[in-house]
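Student: Hi! I've got a structure open and would like to go through it with you. Could you help me read it?

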Amino acid sequence: MVLSLSISQKAVTSFPVAPPHPLSPRDRHLRATAIATLRATPRVTATATFATAITSGPSPFPLSCPFTHRDPEADPHSRSDSYRDWPFTSPLTSSPSGVSPSFVIPLEKTLNLSTVSKMATLTASSNLVSGSSSVHYRYESKAVAMGLRSLKQANTHSGLRIWNPVDELLNRNPIKINAAQAMRKGLQSKNVRPTGIIICGMNLVFIGMEVGPWSKIGGLGDVLGGLPPGLAVNGHRVMTISPRYDQYKDAWDTSVVIEVKVGDRTEKVRFFHCFKRGVDRVFVDHPLFLAKVWGKAGTKLYGETTGEDYDDNQLRFSLFCQAALEAPRVLNLNSNKYFSGPYGEDVIFIANDWHTALIPCYLKSMYQLVGIYRNARVVFCIHNIAYQGRFAFSDFSFLNLPDQFKSSFDFIDGHVKPVIGRKINWMKAGILESWLVVTVSPNYVKELVSGPDKGVELDNILRKIDNHLIGIVNGMDVQEWNPSTDKYIDLKYNVSSVMEAKALLKEALQAEVGLPVDRSIPLIGFIGRLEEQKGSDILSVAIPQFIKENVQLVALGTGKKKMEKQLEQLETTYPDKARGVAKFNVPLAHMIIAGADFILCDAVDPLDVAALAKTIKRALAVYGTPTFTEMIKNCMDLDLSWKGPAKKWEEVLLSLAVPGSEPGIDGKEIAPQAKENVATP
């Protein structure tokens, strides 16, 4: 089904073609929105063509009936579910395949072309050959264009919604957009592709302070780099939002500027965008991010040193969360061949770690309270519960939230930092105010609720929401971590050449870190954050129990200064056996994965020290045997991609029942490998 709209100045009365059969709830919603928008247009002729491809038999259309006027302010959702209750019907009784009847309708109010350009489109029904549809629009009248300039300060970026009293309320809110500027840009942009095709899936918005490969310190960047493409290939529309820490050479200025209230001042925020691997990558541009980091990410995304916050982090993250909530509404994105226009309001936000814990709070207080984002939902994902965002209780006033949220933030612990006594805890609020909480594995769920030690004093809060706490094992980005294409290793390999290649890559790794070069020595690798939650302290205690064996160790990571010093001391303590690198080093991480014979995983229980040493000794006993070769080839055959985790994420997100959400397809990513994203010289 194809609906084409052309607009002229003349008013003509005729009748539209009704759909050939009952529509799905999603289609009913989109159809009603389209009609409401068209009917809000003054003395303009809209000509529409339905081009149908019928699989069998003619397409029955109802007999014509008089034009039925309905209150244009009425809620489109209140209309009947039957297509025969459309306010217009067709004079045609049937339409054989290939026939394209046309219609024109009278329209009564000011036309908002920006809204028409962003309208989501009707979805083809089950007896059509194609399961998609598109909207094409153009404006031909100078009078219409001039009328746009006389519009009141409307939120023309509001997706499927036209200006109404709710938008009046929003316009008084701290968040607002320069509507006239955005509209002019939208109409003048040569890159705007006025075609939208809706096929299936959900509107998903991932929000995080890291997104690989643009910015990454640990697992958070990996997840936001790999999971969104895994969902996009299944037919979902996916956006990621993160700060713009650097002059990313592939991200372009959208020219959209919004204002947000941060503390007691108002700040302007811009958005940059690129489209990679089926995902809209959006970057929030503000000096609070760009001027602080300027590309030298290292451990400076959150503070000068690991575990220490910048003094203004609460303001930085408040600004970021507010900007992230506006992005799906203000950005008219047209890079995706399947979707175009704003994401609209029926979206699911996936907020990651404490920096984004204000997302559900702002969603409820700034939007849903006034009828915007009514159906939107928030999933809060915990990657590392050790970092929670604890601040002085008096800082709550900086967040510009109503007092009813104080109880969600209220937190008392026995620590003296940042202050003694009562505090606010961002992560606690994110957990309590979100609709679902997800962690990075089922085992991590068990750890978090087991007690204050592993739950870092939020175990009791997590037990309260046990029915809404879910663990999903992470995947890995098989484009970045593909040994047959990895740009960081000199010798590419696959399952048939792995044994020969790894021996040479091990020698390259040994030479790189300064260990004796000997391919016969088994080499163990460790890559991770240096903190108790990741088991770095346990590794340092276990090393003396196995290092006397015929083995070498290469460890890479950044984190707490005490643990970084322990890591760097490995070379002094075991000069021919171990090397520790306390730096953020992506190429070395790839060399370790490619060249090491064994990789150490997290161990968080003090009892794991003896178990870890024992397991390593067992592994060393297998090294060089046929069993070892079989183990390597079995590992090479495993599917460790995001495909499986993405389907589990889809099941969880569908359970939120956001209108228009549909299961995806079983897609396979065929996009080219993402290029390195670094600062422009």
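Student: Which residues is leucine 469 in contact with, leaving aside its neighbours within four places in sequence?
Tutor: Val437, Thr439, Val445, Val449 and Leu462 are the contacts of leucine 469 in this predicted model.

Student: And where does leucine 469 lie?
Tutor: Leucine 469 belongs to strand 20, which covers residues 469–471. Valine 438 is 31 residues away from leucine 469 in sequence, yet the two C-alpha atoms are 5.8 Å apart.

Student: Is leucine 469 buried or exposed?
Tutor: Buried: the relative accessible area of leucine 469 is 9%, and the cut-off for buried is under 20%.

Student: What is leucine 588 in contact with beyond four places in sequence?
Tutor: Leu509, Glu512, Val513, Leu556 and Val581.

Student: Changing topic: which residues touch the most other members in the largest nonpolar core?
Tutor: That core has 109 residues, and the ones touching the most other members are Ile241, Phe271, Phe349, Phe409, Trp426, Ile431 and Trp649. Helix 8, residues 313–330, gives the most to this core, with 10 residues.

Student: What is phenylalanine 349 in contact with, apart from its sequence neighbours?
Tutor: Beyond four places in sequence, the contacts of phenylalanine 349 include Val205, Ile207, Ala324, Leu325 and Pro328. Also among them are Ile359, Leu363, Tyr373 and Arg377.

Student: How many residues are in the second core?
Tutor: The second core is separate and has 32 residues, including Ile543, Leu553, Leu570 and Leu612.

Student: Now helix 20. What does it reach from its first C-alpha to its last?
Tutor: Helix 20 runs over residues 608–622, 15 residues in total, and reaches 21 Å, close to the 21 Å expected at 1.5 Å a residue.

Student: Which of its residues are buried?
Tutor: In helix 20 the buried residues are Val609, Leu612, Ala613, Ile616 and Leu620. They lie on the same side of helix 20 because they cover an arc of only 95 degrees around the axis.

Student: What do those buried residues pack against?
Tutor: The buried residues of helix 20 pack against strand 21 (523–527), helix 16 (536–546) and strand 24 (598–599). On the face turned away from the buried side, helix 20 carries the exposed residues Lys614, Arg618 and Ala621.

Student: And what follows helix 20?
Tutor: Glycine 624 follows helix 20, and its phi is positive, near 85 degrees.

Student: How about confidence: what does pLDDT average over the protein?
Tutor: The average is 74, and 66% of the residues score at least 70. Over residues 1–21 pLDDT stays under 50, and the model has 98 contacts beyond four places in sequence for that stretch. Residues 294–298 also stay under 50, with eight such contacts.

Student: Last one, the overall picture. How many helices and strands are there?
Tutor: There are 22 helices and 24 strands. Of the 681 residues, 54% count as buried. The protein exposes about 29,300 Å², with carbon and sulfur atoms supplying 55% of it. Among contacts between residues at least 6 apart in sequence, 78% join residues at least 24 apart.

Methods. Residues numbered from 1 in each chain as written. Predicted model: local features only at pLDDT ≥ 70, side-chain atom pairs only at ≥ 80, totals over all residues. Heavy atoms only, no water. Core = buried A, V, L, I, M, F, W, Y, C linked by side-chain atoms within 4.5 Å. Buried < 20%, exposed > 50% of the residue type's maximum accessible area, 1.4 Å probe, protein only. Helix = DSSP H or I, 4+ residues; strand = E, 2+ residues; numbered from the N terminus. Contact = heavy atoms within 4.5 Å. Expected span 1.5 Å × (residues − 1). Arc of directions from axis to C-beta. pLDDT = per-residue confidence, 0-100. Areas by Shrake-Rupley, 256 points an atom, 1.4 Å probe, with all protein chains shown as cover.
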